[in-house]
Amino acid sequence: MARLLSLHDAIEELVHDGDTVAMEGFTHLIPFAAGHEMVRQRKRDLTLVRMTPDLVYDQLIGMGCVRRLVFSWGGNPGVGSLHRFRDAVERGWPQPLEIEEHSHAAMAAAYAAGAGGLPCAILDGYLGSDLVRVNPNIRSIRCPFTGRALAAVPAIRPDVTIVHAQRADREGNVLIEGIVGVQKEAVLAAGRAIVTVEEVVERLRPPSPNSVVLPGWTVAAVAVAPGGARPSYAHGYYRRDNAFYTAWDAISRDRERFAAWMREHVLSGPEGPP
Amino acid sequence: MTAEHTASEMMTIAAARALTNDDVCFVGIGAPSAACNLARLTHAPGITLVYESGTLATRPDVLPLSIGDGELCETALTTVSVPEMFAYWLQGHRITIGFLGGAQIDRFANLNSTVIGPYAEPRTRLPGGGGAPEIATSCRQVFVIMSQTARSFVSEVDFVTSFGHGTGGDDRRRRGITTAGPTLVVTDLCTLRPEPGTMELVVTSMHEGTTRADVEASTGWPVRFADRLEVTPPPAEVELSTLRELQARTAAAHRGGS
């Protein structure tokens, strides 16, 4: 059964310097509050895994928490670059960033392999792509039945997966609705999982027998963090703050302005961005 | 007479016209999303739009800023997980048309959305491939939408993120790729298609007001023109007004924030 912890205590106890951490949520339900808590606790030398690094990893990279990034699309959706990510890759600021770059299809398959206890994922992918040349973790395997060549990538097995969800009950059973992304696979692939939620309720009441529910015994800790996905969104609770995503371009472009924003909105208090 | 239109509007409208009611499109954000929804709101009301966030058969009222805006899920027939989207729907060959773009394209429609300069020490680190490497090989065919400049239409891409026709000819088949790959490239100046046999992109239709010299100056290789070069019909009133209304609704929605 998951323990109900404060966000501070969950991050302090379960995320360690040097860990491999996956924070998932495909555009939707991105665990910003947890990311900000990691910044406040000055976690270091992390390997971060995420299909779409988004603003939350831009912030962690810019604050010097990250040594290595495993990802498949590192932009600000519909806006342009992630400037802190670019600054780290292009100029090594605030520290050099190692990258392991995949495609979405491969990362999704690698999470599913991790959840399913397999050492690797196979896919009909990467055909003709130069990603094969720059990422030694993209290899080829032959189907033992047909002889067909397929791509293989290692399963993703994070030390910790962190996701945000709409709600949990007191046993720590978690309901995820809307664009469910790769969160279930990321949680089940991990050594331990933290779920931040909009609210804890007496009865979970999944709207359908097929709703995406993470049983409490697959989750190490549940932490209440209302608004914890802002400026991304929580289906049924609040909408994506597209204006903030657009504004982030100018905030993050400049090192000083980025640092000032993080001081004001993240380091100074427990609440997330406006 | 049609109201005056921009080159970018012509690009979106020309791409929309290439879509049919029976298509199942894997839609990217930006210009592809505009083109697909314009087709849905005009001549192809039954078109199926799929976004990689897992939303199947979505009918957004405004264009999403991201690939996973709530609007997409709320108006979808159903929403599946991301591993299911890539494994069953894309890899399972359920998609007829995939839309791609990039920072660079070469004469064989290979696309770069990864880096400008060497990979290890890039001059510009771009967002990367995302879904593109498999969209390029798993969809029945690929349409490309890109603004055409000498910097983006290059003789050689710095990095092949998404495979087009490789070095031309039957390079796709030799690599075991069974799908058609890029069959259409729509720009703000013209449309290009791969020439049967060589698979080199040639200009097949010029947008009104564009000259051969314009296209040549905006292409980093000695671009060729089809023998029977067409002129792209200018936007019809309904195409232009539908696109502008869609973009006005979108701008208003994205200004709102939370």
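This is a predicted model: local features need pLDDT of at least 70, side-chain atom pairs count only at pLDDT 80 or more; totals for chains, interfaces and linings use all residues.
Residues are numbered from 1 along each chain as its sequence is written, and chains are lettered from A and ligands numbered from 1 in the order in which they are written.

Chain A contains 9 helices and 15 strands, where helices (H or I, at least four residues) and strands (E, at least two) are DSSP runs numbered from the N terminus. The C-alpha atoms of the chain occupy a box of roughly 55 × 50 × 30 Å along the principal axes. For 274 residues a compact globule would have a radius of gyration near 19 Å, and the value of 18 Å for chain A agrees with this; the radius is taken over C-alpha atoms, and the globule rule is 2.2 Å times the number of residues to the power 0.38. Buried residues account for 55% of the 274 residues in chain A, a residue being buried if 20 or more other C-beta atoms, placed from the backbone, lie within 10 Å of its own, exposed if 12 or fewer do, and partly exposed in between.

Chain A is divided into domain 1 (3-102 + 157-259) and domain 2 (104-154), with bounds that come from an automatic or database domain assignment. The C-alpha centres of the two domains lie 25 Å apart. Their contact takes 12 residues from domain 1 and 13 residues from domain 2, two residues being in contact if their C-beta atoms, placed from the backbone, lie within 7 Å. On the domain 1 side, β7 (98-101) and α7 (183-189) of chain A are the elements that give two or more residues, and α7(A) gives the most, with 4 residues.

In chain A, 3 strands form an open antiparallel sheet in the order β8-β10-β9, two strands being paired if DSSP finds at least two bridges between them. Because β8 (120-123) and β9 (139-142) stand at the edges, each with a single partner strand, one side of each is left without a neighbour in the sheet. The twist averages 40 degrees from one strand to the next. Helix α5 (residues 104-115) of chain A packs on this sheet, touching β8 and β10, and its direction makes about 140 degrees with that of β8(A); axes are lines fitted to C-alpha atoms, for helices over the stretch in contact, and angles run from 0 to 180 degrees between N-to-C directions.

The strand β8(A) is joined to β10 (residues 149-154) of chain A by 4 bridges. Within this pair, Leu123(A) stands opposite Ala151(A), while the bridge partner of Cys120(A) is Pro154(A). In a regular strand the side chains alternate between the two faces of the sheet.

Between the chains, 49 residues of chain A are in contact with 46 residues of chain B. On the chain B side, α4(B) gives the most, with 5 residues.
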